[in-house]
Amino acid sequence: MKNRISKLTMQKRMMLFFAVPLLIVQILSSILSYAVLFEKFRNQYDYSIGQSLTQAVSFLESYIRNMGYLAEMVENNGQILTVLSSDKFYNTRGKDEQYIEFYTLNKAFNSLEIANSIYRFGLYVSDNITYSNNNYYIFPESRLKERKDYEQMLEAFNMGSDYIALSEERLDIGASQLSSTVTLYHQIRSGSDTNSRVLGVCSISIDKKWIVQVMENTNVTPNGLVYLVNATGEGILSSDPFLFEMLREQEHFPLAGGKTAWELIQIGDIDYYMDRKDVENTGWQMVSLIPLNEYDKQYFPLILTAVIVLVVMALMIVIVSFILSNYYVGKLKKLSLEMQHLQDGDLNVQIPSDQQGDEIEDVYSNFNFMVGEVRRLVQEHYQLGKDVRVAEIRALQAQINPHFLYNTLDLINWIAMDYGANDIEKIAWNLARFYRLSLNHGKDLISIEEEIEHVQVYVNIEKFHYDDAIDLKTDIPDALKNLACMNIILQPFVENAIVHGIGENSEIQRCSIVICAKMIEEDILFTVKDDGPGMTERQMQDAISVNMDQIKGGYGIKNINFKLKLCFGEKYGVHYESVLGEGTTAFILIPAMTMEEAKAKME
């Protein structure tokens, strides 16, 4: 064997001495590592499945806790409690009085539902009340009595508890379509003691899709199943209704009761891993079923990966052995060849170096460093000449500044005056003044008087566009005119009033805008009022809601609101009041400061 090895070439001997020991070590370490990794993977997978079910139950409990909290909000709502606790509520009274009650209840529930958009609210009252058949927020109590689980509901109420069950409720705000929901029923009483008078029953519902979605996300296998059962063993919801019905017909299908830990069961001819979790304060259980064959399939990728890694590592060891041996045999020839190329003037020569630290590698590193320095000096010389040319171009560009725009507009103004073109003269003067105030020499602060002038020249220009159909009135106390404000915080509101009013609605013939300012303690409140088409509640919210991904500069309403809050605090900013068909009023609150105080604050 020794003689045979000695007869091999130097490259083959190096490959043999390097590759064989590494292959032996790699095989042994892979076997040991796989055994440890397999056990850890199994434990981690089991833990992940259990945590997934626990998290799903936590989500469901969170929804139920929220419904309980909202039920308490209904019970403690002053408007609702005033109506329900009235001595006249269950007595005969006029339709006008009942309409006022209905309007009050409807408004209160509507406010609660808007603030909690995924939940639906309801109130069950006596069938004798005229509006009990509203079936939107108000329902007749006979609807509860018709339920097959009404006795269970009364039993829960008698024990001072809420009752939770499936129900049919509205699908969404403003919709009449019904959908299956998980509903919490809460008995409203006049006091906290058991002898208090029952005023009514309120319901808080959530569409079952939110619960089903949680269970679908919990199901980790294609043919697995997650479902809910109540205390009587009835199925409530499942991640796959078709599979649930099919399995429920099989022998030994688990429903209510049983263990709450992992166990192996057989349903029909298929083995399943089963886990149960109790849902707090409901008597429900969430059950997870995972087919055993799919559970075992999880380890196939691990085994396949281990085999592939072992084969790939073996191939890499052989390839690296060949590369390294070939490298060490040929690197002296490589050095001589590359030095000859450098002598011939080729500055792109480069010798690959492993930086192993032997003598030849040191020579390689020094050679590469020397070539790199030569290339760097040549590149720096080229870049220096390029930078000089760029600097000359930028110097010429810097000579073009906003004064060229101002002077050009002034020139148009004077020429228009010479020719008697009064309209052109006015437009040019107003446009020049508009840009002087807008640019403001690059400063963010401006006096209130100049800000009002900025709005006025903008309206002067727009009057030409809309045939003088815009009326602007301002009411600014003299004491406020010299105080500071951020540049361009009023003009966008005036522009919105014009564009979304007379600009977009041909039936609007004129546009009237009033700008006022007044001191409120140590702040200044601007109001910009128009007589345009008005906005809905959603439009007003969207107008000032700030999404950080959308703040990219400019002077939009969102940007103004964001800047005011950023610079001066959450107290300041923009809000709207509007009536459809009558107009909109924008309120802009800023701190009252001199220019020096404002500059210090901004810094």
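**Exercise 1. How far apart should the ends of helix α18 (residues 557-568) be at 1.5 Å a residue, and what do its end C-alpha atoms show?**

Some ground rules come before the solution. This is a predicted model, in which local features need pLDDT of at least 70, side-chain atom pairs count only at pLDDT 80 or more, and totals for chains, interfaces and linings use all residues. Residues are numbered from 1 along each chain as its sequence is written, and side-chain values use heavy atoms, with hydrogens and water left out.

*Solution.*
- Step 1: helices (H or I, at least four residues) and strands (E, at least two) are DSSP runs, numbered from the N terminus.
- Step 2: the expected span is 1.5 Å times one less than the number of residues.
- Step 3: α18 has 12 residues, so it should span 16 Å.
- Step 4: its end C-alpha atoms lie 16 Å apart, in agreement.
- Step 5: just after α18, G569 takes a positive phi of about 120°.

**Exercise 2. Find the buried residues of α18 and what covers them.**

*Solution.*
- Step 1: buried means under 20% relative accessible area, exposed over 50%, and partly exposed in between (1.4 Å probe, protein chains only).
- Step 2: the buried residues are I557, N559, I560, N561, L564 and F568.
- Step 3: their cover includes β13 (484-486), α16, α17 (537-544), β16 (573-579), β17 (583-591) and α19 (595-602).

**Exercise 3. Is Q491 buried or exposed, and what does it contact?**

*Solution.*
- Step 1: Q491 sits in helix α16 (residues 491-499).
- Step 2: its relative accessibility is 6%, so Q491 counts as buried.
- Step 3: contact means heavy atoms within 4.5 Å.
- Step 4: neighbours within four places in sequence aside, Q491 contacts F434, E451, H454, V455 and Y458.

**Exercise 4. Which residues have the most contacts inside the largest nonpolar core?**

*Solution.*
- Step 1: a nonpolar core is a set of buried Ala, Val, Leu, Ile, Met, Phe, Trp, Tyr and Cys residues joined through side-chain atoms within 4.5 Å.
- Step 2: the largest has 53 residues, and I515 and I588 have the most contacts inside it.
- Step 3: helix α14 (residues 448-465) gives the largest share, six residues.
- Step 4: apart from this core lies another, of 46 residues, including L123, I129, I138 and M215.
- Step 5: leaving aside neighbours within four places in sequence, the contacts of I515 include I452, V455, L472 and V494.

**Exercise 5. How does V320 count by its relative accessibility?**

*Solution.*
- Step 1: V320 is found in helix α10.
- Step 2: at 35% relative accessibility, V320 counts as partly exposed.
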